[in-house]
Amino acid sequence: MTKRAARQKVDEILKEQFKYIYKRHTIDINTFQLIFQMDSRTHELRMNFCFQESWCDVVCFISPTSLTPGTDEYWEALQCVNYVNWIVKSWGRFYIDLYGDLAYSLRLDYSVLESMPREARTELETAVDYYADLFVPFLKVCQGKESFVQAREFIDEIYSFYFQ
């Protein structure tokens, strides 16, 4: 599959019963971004698609950046990210990058887009699902309004089915 065919396949996947409403912005020929409104008046969720030779990198992150590396909030947020990664079982993973973005990363190989388009759509929706659950708690931790312990209590409550 070529980059062009992969871009078209992702467009098809997003148009075929994608469960979230978004705005789309083209950045360049190999990159576009989806913007989702979340439960915040100051921040939104962005999902970048960057097409390479045989895969598409998808990065979902809170915008604008709400975390400053090296602060106490950074370490609290890092604990949250590690805790959520311990619980969730999906193709992607949360991380904090060098700029302070709390992000979710997913790599979709073109063979997966071609042979498993429904599963690929599910994984894209899953990235937004996690943020639908965790956007406000993540934002509160990043801004120093809550601690990891407080966020962990919320995470335990909403993901308690993982512990049964």
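**Sheet architecture and helix packing in the predicted model**

The structure contains an open sheet of six strands in the order S1-S2-S3-S4-S6-S5, with antiparallel pairing, where strands are DSSP runs of E with at least two residues and helices are runs of H or I with at least four, both numbered from the N terminus, and where two strands pair if DSSP finds at least two bridges between them. The edge strands are S1 and strand S5 (93–96), each of which pairs on one side only. From one strand to the next the twist averages 25°, with axes taken as lines fitted to C-alpha atoms, for helices over the stretch in contact, and with angles running from 0 to 180 degrees between N-to-C directions. This is a predicted model, in which local features need pLDDT of at least 70 and side-chain atom pairs count only at pLDDT 80 or more, whereas totals for chains, interfaces and linings use all residues. Residues are numbered from 1 along each chain as its sequence is written, and side-chain values use heavy atoms, with hydrogens and water left out.

Helix H1 (residues 3–15) packs on the sheet and touches S1, S2 and S3, its direction making about 150° with that of S3; contact here means heavy atoms within 4.5 Å. Helix H4 also packs on the sheet, touching S2, S3, strand S4 (55–63), S5 and strand S6 (102–109), and its direction makes about 170° with that of S6.

Strand S1 (residues 23–28) runs antiparallel to S2 and is joined to it by five bridges, the two being connected by a hairpin through two residues. Within this pairing, Thr26 has Phe32 of S2 as its bridge partner, and Arg24 has Leu34. On the pairing of S2 with strand S3 (residues 44–51), seven bridges are found in the antiparallel sense, with Ile35 opposite Arg46 of S3, and six residues lie between S2 and S3 in their hairpin. Because six of the seven residues of strand S2 (residues 31–37) are buried, this strand is largely enclosed by the rest of the structure; buried denotes under 20% relative accessible area, exposed over 50%, and partly exposed in between, with a 1.4 Å probe and protein chains only. Thr31, which belongs to S2, is buried at a relative accessible area of 13% and touches Thr26, Phe49 and Cys50, residues up to four places away in sequence not being counted.

The contact involves Asp133, Leu134, Pro137 and Val141 of H4 together with Ala151, Phe154, Ile155 and Ile158 of H5.
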